[in-house]
Amino acid sequence: MADTFLHLSDPGLIALVARGDRDAFAELYDRYGKTAYGLAYRITRDVQLAEEVVQEAFLTVWRQASRFDGRRAKPSTWLLTITHHKAVDVVRREQLRRTESAEGLEDAPDSTDVPRDAWLGLQHAQVREALAALPDPQREVIELSYFEGYSQSELARRLGQPLGTIKSRTHTALTRLRAQLEERGITTENPWSTESSRT
Amino acid sequence: MEHRELQDLIPAHALDALDADDALLLEEHVVTCETCRRDLDELRETTALLAFATPPIEPPAHLRAAILDAVAETLPEAIPPRRARLAFLRGALAGALAGAAVALVIGITLHNQLSDARSSRDAQAALVSSLTDPTTRVQPLAGKLEGAVLRNGGSGKLVLVNLPSTAKGRTYEAWLIGANKVPVPAGTFAGGKTQVVALRGNADKAKTVAITVEPAGGSSKPTTTPVASASLA
């Protein structure tokens, strides 16, 4: 049944979800479930918690789709922001994380499914490249906050730096990351961002 | 906290790295400060991309099932009224519990709307009787058009409300899509305030009803993507 929705863009799907369309919701899950689950697992490092996070995130998407504002974000950005937020909440609540190894992305989940989806695979490789192109201290603040859930004050303690330094480093890091991503032409634009790209 | 100080919190917030109290302050601030809202939204587009730096993992099948089950038991928050004149209809339908009672309510509502629309008295009578028939199944349309599919055995009707006119030389066309996924033409119709369209073909076998905009006279297979559809579960 969800086949009916393959032709629909992400904004189209969200509009249907806001009206209570479950098939459209299932299609949205099939598009972004892998990314959301990969992210949740990366942050929580726990299958059970990752499932909890993804479930909560998608149920929030379902309940709040009518609040989604396409002028403020793309649907995928919105969805992944919700997922990230929930994952960080769980990590802080559970006082998890913080194996002292901060290799970040290198200790990737072992159940890695080699991305079958070409777009997802390319996106994965390019975002990692962009991240790798940052100077170490900048990559470090991004990885520790985004993937490990450290708050700014925790970062300041951990890195032995004044809070102001952490703040400005975070700012520079994100500005550079953005430039790196743009240089590679990476955006959250994907095969589903606009109508008529899938038939 | 001043605008300037709040502004400094934006990058960290885009990474969800603020402590809860600061995050709350900033969220409140961006409601009224357009500059900060735009900056935050822009940075969120960047940080959301970081999600793709983690290897995607196929979630377990039981998770998909659990999420879809949970969704079947709850309704999304209501769409603001301006966006959904027929929200009351959809809300009633989504419950889909009290068939006859629901149909009666819709029947009366549509009856009133039809009166406005100068439809013929006979057509109104037929529609209301099919709506009040407890064996009629009602499925709201999803997409850009407002309305519902009514099905009673093999006979199907499309009810469309506030249907915009098509461009000159174009027409709406309905399609029945069965298990073989091949759309079968089910009739063409023009825009108009309220339209009741009897679907050609056996609606009982259809899994989906879709509506496309086609060149005048209709097509034998869809040439554009559907503007609305309904799944006939």
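The crossing of H7(A) and H8(A) is right-handed, the near helix being turned clockwise from the far one by less than a right angle. Helices (H or I, at least four residues) and strands (E, at least two) are DSSP runs numbered from the N terminus. The model is predicted, with local features needing pLDDT of at least 70 and side-chain atom pairs counting only at pLDDT 80 or more, whereas totals for chains, interfaces and linings use all residues. Residues are numbered from 1 along each chain as its sequence is written, chains are lettered from A and ligands numbered from 1 in the order in which they are written, and side-chain values use heavy atoms, without hydrogens and water.

The axes of H7 (residues 152-159) and H8 (residues 163-183) of chain A come within 9 Å and cross at roughly 110°; axes are lines fitted to C-alpha atoms, for helices over the stretch in contact, and angles run from 0 to 180 degrees between N-to-C directions. H7(A) is therefore roughly perpendicular to H8(A) (65 to 115 degrees). In contact (heavy atoms within 4.5 Å) are Gln152(A), Ser153(A), Leu155(A), Ala156(A) and Leu159(A) of H7(A) with Leu163(A), Ile166(A), Lys167(A), Arg169(A) and Thr170(A) of H8(A).

In chain B, four strands form an open sheet in the order E1-E3-E4-E7, with antiparallel pairing (at least two DSSP bridges between two strands). Strands E1 (137-140) and E7 (192-199) of chain B are the edges, each pairing on one side only. Strands E3 (residues 146-152) and E4 (residues 155-163) of chain B run antiparallel and are joined by seven bridges. Opposite Glu146(B) stands Val161(B) in E4(B).

Key
Parallel < 35°, antiparallel > 145°, perpendicular 65-115°, else oblique.
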